[in-house]
Amino acid sequence: MVVQFRRHSVLPGFNLALGFTLLYLSLIVLIPLSAAFVKTAALSWPAFWATVTTPRVVASYRLTFGASFAAALLNAIFGLLVAWVLVRYRFPGKKVIDALVDLPFALPTAVAGIALTALYAGNGWIGRWLEPFGIKVAFTPLGVFVALTFIGLPFVVRTVQPVLEDVEAELEEAAATLGASRLQTFTRVIFPTILPALVTGFALAFARAVGEYGSVIFIAGNMPMISEITPLLIITKLEQYDYAGATALAVVMLVISFVLLLVINGLQLWSRRRGELR
Amino acid sequence: MSSVALPLNVVGSSARARQEPPWVRWTLIGLALAFLTLFLFVPLISVFYEALRKGVGVYFASIVEPDALSAIKLTMIAAAIAVPLNVVFGVAAAWAIAKFEFRGKNLLTTLIDLPFSVSPVVSGLIYVLIFGLQGWLGPWLAEHDIQIIFAVPGIVLATIFVTFPFVARELIPLMQAQGSEEEEAAAVLGAGGWQIFSRVTLPNIKWGLLYGAILCNARAMGEFGAVSVVSGHIRGSTNTMPLHVEILYNEYNFAAAFAVASLLALLAVVTLVLKSVVGARAATDGELDHDH
């Protein structure tokens with residue numbers, strides 16, 4: 001049986017290692033995740049559809065996906081800039097800055113949430129400069145956007161950085177020799193090379209933002225129809241003992257994250273192919 | 001100034017072809033630093049500023065208060081269980097995937113990454129659906145007086161779930177790139193399974209393993225959403241540090257909330273430092289440089 005589906009190897013431990021991997025994966029991830037789908041199957045299709053399309057829920061989708069998209073877009077622009085500066089230029093404190101980029105991965109989301117709220121509140125360090133212009137960030141959809149920008153920041157930098165490091169000097173020199181300006185070299189030679197990585201980073205930041213909860217709930221204000229994200233609605237339904245409703249929303253979120261995972265896998269394949277062609 | 005701004009890995013005449021004029025260079029550096037300052041540096045500093053605003057006395061009082069101490073303890077317990085389990089899993093998964101050829105390998109690798117793409121709230125909810133009172137095992141657990149949801153086991157489970165892929169995803173590409181020639185040589189020379197692993201494989205992957213464990217630990221101690229769903233928020237008993245921060249904050253006890261938050265921020269800073277150190281050691285020891 002086993003010999004048929006794997007190629008023979010002199011190394012021991014295959015059965016034990018794979019057996020433990022599959023057991024642990026099933027117990028911790030696969031069986032619990034399937035619970036969400038099985039529980040939802042108890043709901044009839046019209047009931048499911050009605051639950052996941054009420055106006056309040058639809059408003060939460062709009063905010064969650066809209067703010068995630070905008071935040072990922074801002075991160076794509078500034079992430080590319082940061083990656084470029086870190087790879088190409090030398091300046092004091094560069095190593096510290098490079099390490100600091102990963103802060104959103106390391107800082108617990110609740111800490112990020114309360115810190116951003118304090119900063120952008122009307123009397124906060126940043127909020128007080130925006131207030132005179134009538135710009136309110138904390139407790140509005142704009143706050144959601146700020147929090148999602150924070151948590152998505154490292155993705156684009158970390159996907160673009162290694163690709164940018166690998167861009168061959170010869171290509172740029174050839175472009176310059178042939179009379180291309182620096183801007184032309186960037187848009188025609190460098191940018192197409194790093195585009196797959198940039199799109200992958202954007203997708204990763206977007207996927208992370210869609211599911212984010214901790215950093216958002218403090219700064220959002222959580223007003224129904226206005227600044228309420230979908231993950232928070234799941235919690236609200238749970239607290240009202242509406243398990244069916246919470247599970248239905250969770251299934252919608254799960255399906256969306258699986259689709260995003262497939263898209264990201266496809267993008268990474270594209271990235272790798274592009275890398276091999278060079 | 002211009003000597004500082006010379007780009008890396010560019011020598012002699014080729015330098016001009018890959019270099020922007022100084023004003024472009026410094027504008028780009030300035031813009032990048034302004035963005036990072038606004039979104040990373042200022043929030044980090046503000047945590048410590050807010051924590052110490054009411055004085056050092058209030059700061060320490062908020063940390064040594066019994067509920068805070070119990071939250072710190074629970075956070076440590078959850079990480080102390082989740083991190084070793086996921087390290088063992090990561091090593092086993094990487095051994096199977098990197099050292100052997102079998103069908104369904106790509107699917108398995110994708111499934112291992114699955115917890116990263118699931119919203120933390122959903123990660124907590126799925127355990128409620130299994131172990132909660134309304135869940136599959138709920139009635140049986142209630143009969144036997146075992147509580148998982150709104151208790152410590154649920155918090156540990158949710159923590160394991162959200163940190164599940166960290167070690168495996170560091171080790172799989174690392175061990176794949178290293179190949180298995182060294183292990184095969186050891187096997188041919190008569191080494192047993194454990195000997196091969198501890199004498200040949202482990203020294204080759206130690207930095208990658210440590211790197212994964214550090215990231216795993218940071219997430220385990222900082223997880224909020226998933227843990228929040230299964231915890232039940234019982235003060236002094238099922239509150240982890242991030243949940244304690246939330247409770248204090250919602251009670252408008254900002255100084256205390258930021259004091260506990262500053263411990264977590266300190267953990268984040270230590271994590272970043274360790275990460276840089278381990279990454280550098282991995283590079284000098286010839287362990288492959290990972291793609292961050």
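Contact here means heavy atoms within 4.5 Å. The model is predicted, so local features need pLDDT of at least 70, side-chain atom pairs count only at pLDDT 80 or more, and totals for chains, interfaces and linings use all residues. Residues are numbered from 1 along each chain as its sequence is written, chains are lettered from A, and side-chain values use heavy atoms, without hydrogens or water.

**Stop 1: a helix pair**

Select α2 (residues 14-41) of chain A and α4 (residues 66-99) of chain B. Helices are DSSP runs (H or I, at least four residues), numbered from the N terminus. These two pack at about 130 degrees, with axes 8 Å apart. Axes are lines fitted to C-alpha atoms over the stretch in contact, and angles run from 0 to 180 degrees between N-to-C directions. That makes α2(A) oblique to α4(B). Oblique covers what is left after under 35 degrees (roughly parallel), over 145 (roughly antiparallel) and 65 to 115 (roughly perpendicular).

Now show side chains. In α2(A), A:Phe14, A:Phe20 and A:Tyr24 are among the residues that meet α4(B), whose partners include B:Phe89 and B:Trp95.

**Stop 2: the cavity**

Which residues line the largest cavity? Select A:Ala207, A:Val210, A:Gly211, A:Met253, A:Ile256, A:Ser257, A:Leu260, B:Ser117, B:Val118 and B:Ser119. On a 1 Å grid over the protein atoms alone, a cavity is a set of points where a 1.4 Å probe fits but cannot get out; lining residues have an atom within 4 Å of a point. This cavity holds about 60 Å³, a volume being the space filled by probe spheres set on the points, joined across faces, edges and corners. Finish on α14(A), which gives the largest share of the lining, four residues.

Key
On a 1 Å grid over the protein atoms alone, a cavity is a set of points where a 1.4 Å probe fits but cannot get out, and a pocket is an open set with protein on both sides within 12 Å along at least five of seven lines; lining residues have an atom within 4 Å of a point.
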